[in-house]
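Please open the model in a viewer and keep the selection panel at hand.

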Amino acid sequence: MKISKTCTGFLHGLALSMALLPALWSTGAQAVGSNLSGRLMAQFTSTPILTAQVAAPLVLIAMSLDHQYWQKAYNDYSDLNGDGVVERSYLNIFEYYGYFHAERCYIYSENTKMFTAVGVATGTNQHYCEGALSAAWSGNFLNWVTMTRMDIVRKILYGGQRSTDTPTQTTLERTFLPGDAHAFAKYYNGPDIAKLTPFDTLRTDTLNGGNNNGTDDSDEGISFCNISHATSGNSQTSTALPLLRVAKANYALWNANERRQCTWQDEFGNNSDSNVSVESGIYASAGDPADTFALKTPSGSRDHVVRVEVCAATYFDENRDLENCTEYGPNRKPEGLLQTYGLGGLMQFGLLTGSYRKNLSGGVLRKRIAALDDEINTTDGTFKTLSTSTPGIIKTLNAMRIWGYGYTNGTYLLGDGGDDCNFQLTDIRSTGGGPGEGKCASWGNPMSEIYLEAIRYFASTTRAATTAFDADDSTYIAGLTRDTNWAAPLTTTNACASLSTIVFNASVSSYDEDQTNPSPLTSSTAAALTKTVGDGEGITGNNYFIGRNGSLIDEFCTAKPLSGANGLGDALGLCPEAPTLRGSYHMAGLAHWAHTNDISATLSGVQTVRTFAVSLQTGLPVIQVPVTGGLVKILPAYR
């Protein structure tokens with residue numbers, strides 16, 4: 001037992017639940033200093049978030065609102081099973097996390113426009129659909145093909161985004177993807193195609209008499225592309241359905257065209273990605289597939305809507321409940337961490353995210369910390385319909401999408417999608433030649449500033465949002481509201497409640513170094529607090545690949561010494577992805593301070609905040625070359 005602030009508690013499992021996240025997630029010292037070692041480690045706690053107390057634990061989810069959430073969940077250049085070999089395509093021995101049950105087979109119906117389970121998968125790993133199920137899709141394969149990072153976040157937190165939500169039926173749908181490079185392609189040419197998809201006549205290499213030359217030629221295999229397709233309108237208001245397009249042959253670069261992605265030749269003409277196979281080594285077609293190459297649904301449509309019925313009774317197995325189903329009366333509903341711990345007052349949750357209007361500055365409180373019963377009907381598990389002005393966690397996360405893309409011209413230019421975002425900007429701040437705050441609205445990840453606003457909310461020093469961060473996004477996305485009720489989450493009646501922040505970071509922090517002044521919480525600067533972390537980690541004085549170090553500001557990924565007055569606190573520009581975007585490590589210093597200092601000057605006892613990080617893996621591949629005594633890592637660096 002642990003005694004804390006006169007409140008007796010027992011260890012429970014939200015932290016353990018976080019440890020069970022799928023392989024694409026990792027906790028990172030970059031985000032909150034959770035990997036601190038040496039003498040600083042004793043100042044961090046291993047106690048899980050949940051402790052049974054007189055006062056319910058308070059948890060604030062702090063999330064970035066950056067376009068990186070709308071990228072494919074499985075990147076096809078990671079070593080998923082740790083065998084030293086990079087998985088460049090689907091790996092059948094790996095269980096992919098997502099909306100589909102990995103051990104079920106699905107049939108797509110054009111009538112209902114969704115996938116429905118029709119049987120239990122077979123094979124050594126229970127991922128194959130064969131025999132009587134040969135016309136079905138493997139659920140494990142569909143997770144690899146269709147899931148995005150945002151889908152994973154939504155499933156972890158509340159079971160997934162629902163397109164149908166009645167007491168007796170639940171249908172989940174993949175997130176909205178505009179027609180730019182967020183639409184993504186997958187390619188597969190394994191010998192088990194017929195066991196993973198309804199298609200079994202595709203391994204004909206007309207040039208070489210079969211796949212006997214070791215090369216995925218342009219006329220082999222199956223290609224998939226995920227998009228929400230439209231010919232006009234913009235991404236923020238479009239009602240385009242989440243589509244999966246399937247074509248025979250190798251169109252692995254289907255989403256690598258100059259402007260519009262995942263299109264058929266008859267939609268916008270034959271777009272070309274200009275691939276020259278003998279030079280690139282990628283034997284994919286350089287143009288879009290024609291309709292004659294489309295692999296169609298049983299009723300003849302070339303588009304599959306990525307929706308799936310979940311928690312149906314027919315093939316439910318409580319011992320392999322990969323859909324996270326929970327009984328509500330006679331029926332079942334998918335749930336996530338919010339339902340598991342938020343219903344019935346076991347814990348209280350709030351949400352703070354980045355914004356579109358101030359995409360380079362801080363974060364906005366979307367819902368103050370409260371019980372979750374105001375969002376979910378506890379009798380049947382359905383989500384409550386909230387008004388456009390009523391704050392909500394689930395409502396907010398469902399509303400988030402890419403903003404400002406115009407389908408007519410396929411750009412983010414002013415007058416097309418509504419944004420003012422030109423091509424190939426190296427800096428979207430006006431001081432760096434870019435359009436400035438509120439433009440390129442889906443770009444910008446000021447994670448340290450978002451985190452600082454979360455700590456300010458817990459501390460309740462001002463009883464209001466920070467002026468420089470406060471933003472009304474309701475004119476950007478309908479129903480995307482902010483909570484103006486900054487009533488103190490901590491009072492004399494719950495002063496002993498444990499305080500935790502769960503940080504979801506879209507991978508690469510940016511533009512978060514200039515508004516991290518923690519006053520009046522402390523007189524120290526964020527840079528100085530971060531130096532304390534660097535000192536404890538043995539970072540201070542050593543060389544690291546960063547864009548800037550306080551004196552060297554070339555914004556190239558070159559080794560620079562962290563030997564200035566603030567050490568790690570002066571490091572800006574995360575390498576190799578974003579050396580020009582001034583992402584900082586200030587969150588590490590702020591998190592360490594919040595965990596080792598009393599954040600409330602008015603309440604009795606000591607109130608500290610524990611920080612848990614869920615950071616998406618980098619979007620860049622790393623090539624590891626074994627050498628004597630270790631590894632040499634080769635990775636691309638942005639310039």
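**Stop 1: the cis peptide bonds**

Select proline 520, which lies in the loop between β19 (499–505) and α11. Helices (H or I, at least four residues) and strands (E, at least two) are DSSP runs, numbered from the N terminus. The peptide bond joining serine 519 and proline 520 is cis, with omega about 5°. This is a predicted model, in which local features need pLDDT of at least 70 and side-chain atom pairs count only at pLDDT 80 or more, while totals for chains, interfaces and linings use all residues. Residues are numbered from 1 along each chain as its sequence is written, and side-chain values use heavy atoms, with hydrogens and water left out.

Next, select proline 576, in the loop between β22 and α12. Cysteine 575 and proline 576 are likewise joined by a cis peptide bond, here with omega about 10°.

**Stop 2: helices α11 and α12**

Show helix α11 (residues 526–537) together with helix α12 (residues 586–596): their axes are 7 Å apart and the packing angle is about 80°. Helix α11 is therefore roughly perpendicular to α12, a term for angles of 65 to 115 degrees, where under 35 is roughly parallel, over 145 roughly antiparallel and the rest oblique. Axes are lines fitted to C-alpha atoms, for helices over the stretch in contact, and angles run from 0 to 180 degrees between N-to-C directions.

Display the side chains at this contact (heavy atoms within 4.5 Å). On α11, the residues include Ala526, Leu529 and Val533; on α12, they include His586, Leu590 and Trp593.

**Stop 3: the sheet of 3 strands**

Select β21, β20 and β22, which form an open antiparallel sheet in the order β21-β20-β22. Its edge strands, each pairing on one side only, are β21 (558–561) and β22 (572–574). From one strand to the next, the twist averages 75°. Two strands pair if DSSP finds at least two bridges between them. Strand β20 (residues 543–548) runs antiparallel to β22 and is joined to it by 2 bridges. Within β22, leucine 574 is the bridge partner of isoleucine 546.

**Stop 4: the sheet of 4 strands**

Move to the open sheet with the order β10-β11-β12-β13, whose 4 strands pair in the antiparallel sense. The edges are β10 (184–188) and β13, each of which pairs on one side only. Neighbouring strands in this sheet are turned by 25° against each other on average, direction ignored. Strands β12 and β13 are paired over 3 bridges; select arginine 245 to find it opposite aspartate 303 in β13.

**Stop 5: the loop between β12 and α6**

Cysteine 262 lies in the loop between β12 and α6 and is buried, with a relative accessible area of 0%. Buried means under 20% relative accessible area, exposed over 50% and partly exposed in between (1.4 Å probe, protein chains only).

Select arginine 260 as well: its charged end sits over the ring of phenylalanine 268, 4.1 Å from the ring centre. A charge sits over a ring if NZ of Lys or CZ of Arg is within 6 Å of the ring centre and within 35 degrees of the ring normal. Lysine 248 places its charged end over the ring of phenylalanine 293, 5.9 Å from the centre.

**Stop 6**

The model has 28 aromatic pairs, counted for rings of Phe, Tyr and Trp (its six-membered ring) with centres within 6.5 Å; planes under 30 degrees apart count as stacked, over 60 as edge-to-face and the rest as tilted. Select phenylalanine 115 and tryptophan 137, an edge-to-face pair at 6.2 Å centre to centre with 85° between the planes. Phenylalanine 115 belongs to strand β6 (residues 114–120) and tryptophan 137 to strand β7 (residues 137–138), so the pair ties together parts 22 residues apart in sequence. Phenylalanine 115 is buried at 1% relative accessibility, and tryptophan 137 is buried at 2%.

Finish at glutamine 126, in the loop between β6 and β7. Its phi is positive, near 55°, and glutamine 126 is partly exposed at 33% relative accessibility.
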